[in-house]
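Here are my notes on this one, in the order I'd go through them with the viewer open.

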Amino acid sequence: MPRPKQPRRPADDQPGRGDRSRSQRGARSPRDSRNPRTPRPPATDGPVLELDVERIAHGGIAVAHHEGRVVFVADAIPGERVRARVTDAAKERFWRADTVEVLDASPDRREHVWAEASIDRAPEHRPGGAEFGHIRMARQRELKADVLAEALARFAGVERSVAVEPVDETLAPDVDAEAGTGWRTRVRLHVDADGCVGPYAARSHLVVPVASLPLAVAELQEMAPLGAELPGSGVVDLVAPSDGRAEVVVDPGSARGPVVHEVVDGRRFRLDRGGFWQVHRGAAATLSRAVRDLVDADRFDPRAANLDLYGGVGLLAAAVGDRFGETVRITSVEADERATDHAAANLAEWVGARAETGRVDRWLAELDASADRELRSRLRGATVVLDPPRSGAGREVVERLAALRPAQLVYVACDPVALARDLGTFREHGYELEELRAFDLFPNTHHVEAVARLGAIV
Ligand SMILES: C[S@@+](CC[C@H](N)C(=O)[O-])C[C@H]1O[C@@H](n2cnc3c(N)ncnc32)[C@H](O)[C@@H]1O
């Protein structure tokens with residue numbers, strides 16, 4: 001079968017998983033940060049176009065057309081007519097533009113939850129990280145569902161619509177669910193050459209001073225050194241674990257920092273302060289419950305060679321263990337050695353749980369090369385949970401997994417196209433999508449998390 005192609009799109013349409021925030025102060029102009037990868041600032045003198053906005057593309061940017069050319073336009077909503085300033089006309093196939101005025105507003109438009117990111121401010125001064133903040137919450141989720149459905153159809157050949165579910169309010173009672181604010185437990189700010197602290201501006205690496213961080217949890221909003229001067233520094237990390245005090249960390253460098261604790265449905269996990277953890281206060285429990293519930297009990301064998309790939313500190317292996325009890329055998333595989341150490345501790349109550357450090361592609365290759373008949377049989381009975389980074393598992397990992405013929409897989413994905421592309425590969429190799437859920441773990445951004453169960457076609 002032909003190999004599904006990656007969509008062609010500008011790299012800066014795809015913020016990383018640890019997406020960023022930003023800021024502003026007074027009339028001061030943003031300056032280049034010290035980051036050596038600082039991209040060219042957007043043009044501020046481009047032509048202004050009137051555009052009819054059609055849809056939201058993968059990456060969260062709206063799509064319009066002008067004289068036959070695609071225009072990616074920020075801060076607009078499908079159905080609106082806007083005036084937008086062209087910021088990048090370097091490419092033949094598409095231009096980029098920023099909304100400067102809404103001529104015909106969508107009924108889904110609302111006052112931006114982050115005033116500093118609204119179209120009242122010059123585009124190059126708007127902080128990023130809240131690109132859907134001007135859209136009603138229910139409509140944000142519909143747009144995310146559309147992007148997910150389109151990716152599944154285009155890259156996996158699967159026609160499936162799915163409602164994007166908000167985080168259960170009982171999991172994050174301090175979050176303002178209506179506004180979609182007060183949820184970020186991790187925020188990275190940047191420091192420019194003059195020592196000014198703030199988030200990056202949208203689609204650039206310019207530090208823009210801001211006076212507020214409404215997406216952050218309340219304690220981080222209070223602690224954030226907005227308005228401070230930190231000359232000589234590079235980044236400021238704000239971290240608020242659920243079980244412990246919130247901290248402001250200036251220039252953490254490569255240090256992971258001390259051990260902190262997160263509590264999920266009463267279970268306590270240890271991890272490094274700078275290690276990976278879900279950002280929304282209710283996200284870890286949402287995903288843990290979704291994985292636990294999506295595993296098909298009829299196909300689950302506690303004695304099989306069950307796997308938790310890209311396992312982090314063991315959150316999802318614990319979810320499986322919590323549902324199926326103390327006899328569960330499961331191996332968590334994670335590239336980061338420190339995270340593996342924590343996973344071993346976090347999973348200690350399951351005698352059959354192991355945590356191994358390794359890159360999943362290499363680990364599976366070694367498994368495939370060394371597995372005897374008995375282990376291959378236990379792999380065929382296995383349930384595999386995989387939660388890869390934004391780029392997805394990729395063809396090599398998917399093909400190796402499919403060749404082992406596990407009974408079922410539960411795939412946790414933070415990127416709809418990566419999920420769809422991997423699902424397309426699984427389908428080529430005899431697996432089918434059985435169940436799919438999606439969650440709004442990043443309110444007021446374009447990000448959406450999906451959890452899919454795949455089963456072997458018999
Ligand atoms: C999205 S996180 C999921 C972590 C964990 N499942 C959780 O829910 O907390 C992805 C994890 O995969 C790890 N990772 C990234 N690339 C990897 C690779 N090639 N092999 C193994 N682990 C990898 C990262 O260090 C990170 O911990």
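1. A word on naming before anything else: helices (H or I, at least four residues) and strands (E, at least two) are DSSP runs, numbered from the N terminus. By that scheme, Y310 lies in the loop that links β16 (306-309) to α4 (315-324). Bear in mind that this is a predicted model.

2. Is Y310 buried or exposed? The cut-off for buried is 20 or more other C-beta atoms within 10 Å, and Y310 has 22 C-beta neighbours inside 10 Å, so it counts as buried. Beyond its neighbours within four places in sequence, Y310 touches E334, V360, L386, D387, P388 and P389.

3. E334 is worth a look next. This residue belongs to strand β17 (residues 330-334). E334 has 28 other C-beta atoms within 10 Å, and is therefore buried. Again setting aside neighbours within four places in sequence, the contacts of E334 are Y310, G311, G312, A339, T340, A343, A355 and T357.

4. Now the ligand. Which residues come nearest to it? Out of the 14 residues around the ligand, they are Y310, G312, A335, V360 and D387. Sorted by class, the shell comprises 8 nonpolar, 2 polar and 4 charged residues.

5. How does that sit with the annotation? An unreviewed UniProt entry puts the feature "binding site" at Q278, Y310, E334 and D387. Y310 and D387 are also among the residues that come nearest to the ligand in the model, and Y310 is in contact with both E334 and D387. Please treat the record with some care, since annotations of this kind may be inferred rather than shown by experiment.

6. Strand β12 (residues 235-239) runs antiparallel to β13, with 4 bridges between them. If you want a pair to click on, V236 has V250 in β13 as its bridge partner.

7. Strands β14 (residues 259-264) and β15 (residues 267-272) form an antiparallel pair with 6 bridges. Across that pair, H261 faces R270 in β15.

Methods:
Residues numbered from 1 in each chain as written. Predicted model: local features only at pLDDT ≥ 70, side-chain atom pairs only at ≥ 80, totals over all residues. Pairing = 2+ DSSP bridges. Near = placed C-beta within 6 Å. Nonpolar A, V, L, I, M, F, W, Y, C, P; charged D, E, K, R; others polar. Buried ≥ 20, exposed ≤ 12 C-beta atoms within 10 Å, placed from the backbone. Contact = placed C-beta atoms within 7 Å.
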